[in-house]
Amino acid sequence: VQLVESGGGLVQAGGSLRLSCAASGNILSINRMGWYRQFPGKQRELVAQITPGGFTYYADSVKGRFTISRDSAKKMGYLQMDSLKPEDTAVYYCNMYMYVRGVTILSDYWGQGTQVTVSS
């Protein structure tokens with residue numbers, strides 16, 4: 001199983017980026033999807049999460065600016081980031097809880113991370 005993020009990069013404050021996360025492998029079903037970020041020297045923190053039913057959670061710092069979505073049929077997750085601020089600069093990671101062929105329990109998987117840099 002592999003998760004691959006894309007869409008990161010450099011953007012000016014006030015701009016937008018859309019992160020994508022593509023899952024591949026012997027995936028039977030995808031449960032919860034989430035996006036985390038990590039600042040230098042800090043622990044990874046949850047940014048947004050979405051359930052299979054479409055219920056969403058956002059960290060207070062991104063509410064009203066970020067939108068998480070998913071396309072389960074395509075095994076894709078997305079994070080639309082608007083009104084970006086310099087303090088959003090971090091490495092962003094995709095996380096998915098999945099049932100995988102040959103594994104009997106729900107397990108979580110991570111992407112390799114994508115850098116988002118917001119200039120002032």
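Buried residues, meaning those under 20% relative accessible area (1.4 Å probe, protein chains only), make up 41% of the 120 residues in the protein chain. The model is a predicted one, so local features were taken at pLDDT of at least 70 and side-chain atom pairs at pLDDT 80 or more, while totals for chains, interfaces and linings use all residues. Residues are numbered from 1 along each chain as its sequence is written, and side-chain values rest on heavy atoms, with hydrogens and water left out.

As for the fold, the protein chain has zero helices and 11 strands. Both kinds of element are DSSP runs numbered from the N terminus, with helices (H or I) needing at least four residues and strands (E) at least two. Read from the N terminus, the order is simply β-β-β-β-β-β-β-β-β-β-β. The C-alpha atoms fill a box of roughly 45 × 25 × 25 Å along the principal axes. The radius of gyration of the protein chain is 14 Å, which agrees with the value near 14 Å for a compact globule of 120 residues. That radius is taken over C-alpha atoms, and the globule rule is 2.2 Å times the number of residues to the power 0.38.

Contacts here mean heavy atoms within 4.5 Å. Of the contacts in the protein chain with a separation of 6 or more, 55% join residues 24 or more positions apart. The accessible surface comes to about 6300 Å², and carbon and sulfur atoms hold 49% of that; the areas come from the Shrake-Rupley method with a 1.4 Å probe, and for residues only the protein chains shown count as cover. On the charge side, the mean positions of the 12 positive and 8 negative charges are 6 Å apart. Lys and Arg count as positive and Asp and Glu as negative, with His and the chain ends not counted; each charge is placed at NZ of Lys, CZ of Arg, CG of Asp or CD of Glu.

Next comes the inside of the protein. A nonpolar core is a set of buried Ala, Val, Leu, Ile, Met, Phe, Trp, Tyr and Cys residues joined through side-chain atoms within 4.5 Å. The largest one has 30 residues, and Leu3, Phe66, Leu79, Met81, Tyr92, Met96 and Met98 touch the most other members. Two or more residues of this core come from each of strand 3 (17-24), strand 4 (27-38), strand 5 (45-50), strand 7 (66-71), strand 8 (76-81), strand 9 (90-100) and strand 11 (114-119). Strand 9 gives the largest share, six residues.

Valine 91 is partly exposed, at 22% relative accessible area. Beyond four places in sequence, valine 91 touches Tyr36, Arg37, Gln38, Gly113, Thr114 and Gln115. One of these, glycine 113, is 22 residues away in sequence and 5.9 Å away in space, C-alpha to C-alpha. Tyrosine 99 is partly exposed too, at 35%. Again leaving out residues up to four places away, tyrosine 99 touches Asn26, Ile27, Leu28, Ser29, Thr104, Ile105 and Leu106. Between tyrosine 99 and asparagine 31 there are 68 residues in sequence but 7.8 Å from C-alpha to C-alpha.

Asparagine 26 sits in the loop between strand 3 and strand 4. Apart from neighbours within four places, asparagine 26 is in contact with Val1, Tyr99, Val100 and Arg101. Alanine 48, by contrast, is 22 residues from asparagine 26 in sequence and 25 Å from it in space, C-alpha to C-alpha. Alanine 48 turns up again as a contact of tyrosine 57, along with Leu46, Val47 and Gln49, when neighbours within four places are left aside. Tyrosine 57 belongs to strand 6 (residues 56-58) and is partly exposed, at 42%.

Two loop residues other than glycine have a positive phi. Lysine 75, between strand 7 and strand 8, has phi near 60° and is partly exposed at 27%. Serine 83, between strand 8 and strand 9, has phi near 50° and is partly exposed at 41%.

How values were computed. Buried < 20%, exposed > 50% of the residue type's maximum accessible area, 1.4 Å probe, protein only.
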